[in-house]
Amino acid sequence: MKVSAIISGKRVETISASASVHDLVNSLNSHHVGALVVSSDGKKIDGIVSERDVVRAMPGKLDQLIGMHVRDIMTVDVHTCTADSTIAELMKMMTELRIRHVPVVDAAGSLISIVSIGDVVKNHMSELDSERQALKDYVTSGN
């Protein structure tokens, strides 16, 4: 199965690198997401920032966190995939790199969506359930 199957109709939220961490936290909360793609124009990926990045910025800097900006805590080395990537390839990348969010780009490298580990697990569970049901139907049909 391809990534295109799980991004259909899925929106990706972005934030500017100059936004405050306060704005970031509010945006993560209001959109009910765990990560935002950092982009100045909604297409070019400048980085990615997640709840995990906020938490990792806290030790020893809690009093400074309110004055920090997204650019101060974002990840700039962003791993991406395309809509034609397979779910298996995506699962392997996410597992090996220990990442939870992967932006999806088109052939030109422009942002088109984002996939979370939750999306991948949900899809995998659905595939397993379909296989289980097909096997059950096969066994009960007597073939």
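1. Glu96 counts as exposed, with a relative accessibility of 56%, and in this predicted model its salt-bridge partner is Lys92, the closest N and O atoms of the two residues being 3.9 Å apart. Lys92 is likewise classed as exposed, at 52% relative accessibility. Both residues belong to helix H5, which covers residues 87-97, and because they are four residues apart there, about one helical turn separates them.

2. A second pair to look at is Glu13 and Arg11, which form a salt bridge in which the closest N and O atoms are 3.0 Å apart.

3. Which parts of the protein chain does the salt bridge between Asp119 and Lys10 tie together? The side chains of these two residues meet with a distance of 2.3 Å from N to O. Asp119 lies in helix H6 (residues 117-141), while Lys10 sits in the loop between helix H1 (4-7) and strand S1 (14-15), so the pair links parts that are 109 residues apart in sequence. Lys10 counts as partly exposed, its relative accessibility being 27%.

4. The pairs described above are among the four salt bridges that a search of the whole structure finds. As a general point, side chains of opposite charge can pair when their charged atoms come close. Over the protein chain there are 15 positive and 18 negative side chains, and the centres of these two sets lie 3 Å apart.

5. Taken along the principal axes, the box filled by the C-alpha atoms is roughly 70 × 35 × 30 Å.

6. Some totals for the protein chain complete the picture. Of its 143 residues, 35% are buried, and its accessible surface comes to about 8,700 Å², with carbon and sulfur atoms accounting for 53% of that area. When contacts between residues at least 6 apart in sequence are considered, 56% of them join residues at least 24 apart.

Key. Residues are numbered from 1 along each chain as its sequence is written. This is a predicted model: local features need pLDDT of at least 70, side-chain atom pairs count only at pLDDT 80 or more; totals for chains, interfaces and linings use all residues. Side-chain values use heavy atoms; hydrogens and water are left out. Buried means under 20% relative accessible area, exposed over 50%, partly exposed in between (1.4 Å probe, protein chains only). Contact means heavy atoms within 4.5 Å. Accessible areas come from the Shrake-Rupley method with a 1.4 Å probe; for residues, only the protein chains shown count as cover. Lys and Arg count as positive and Asp and Glu as negative; His and the chain ends are not counted. The place of a charge is taken as NZ of Lys, CZ of Arg, CG of Asp or CD of Glu. Helices (H or I, at least four residues) and strands (E, at least two) are DSSP runs, numbered from the N terminus.
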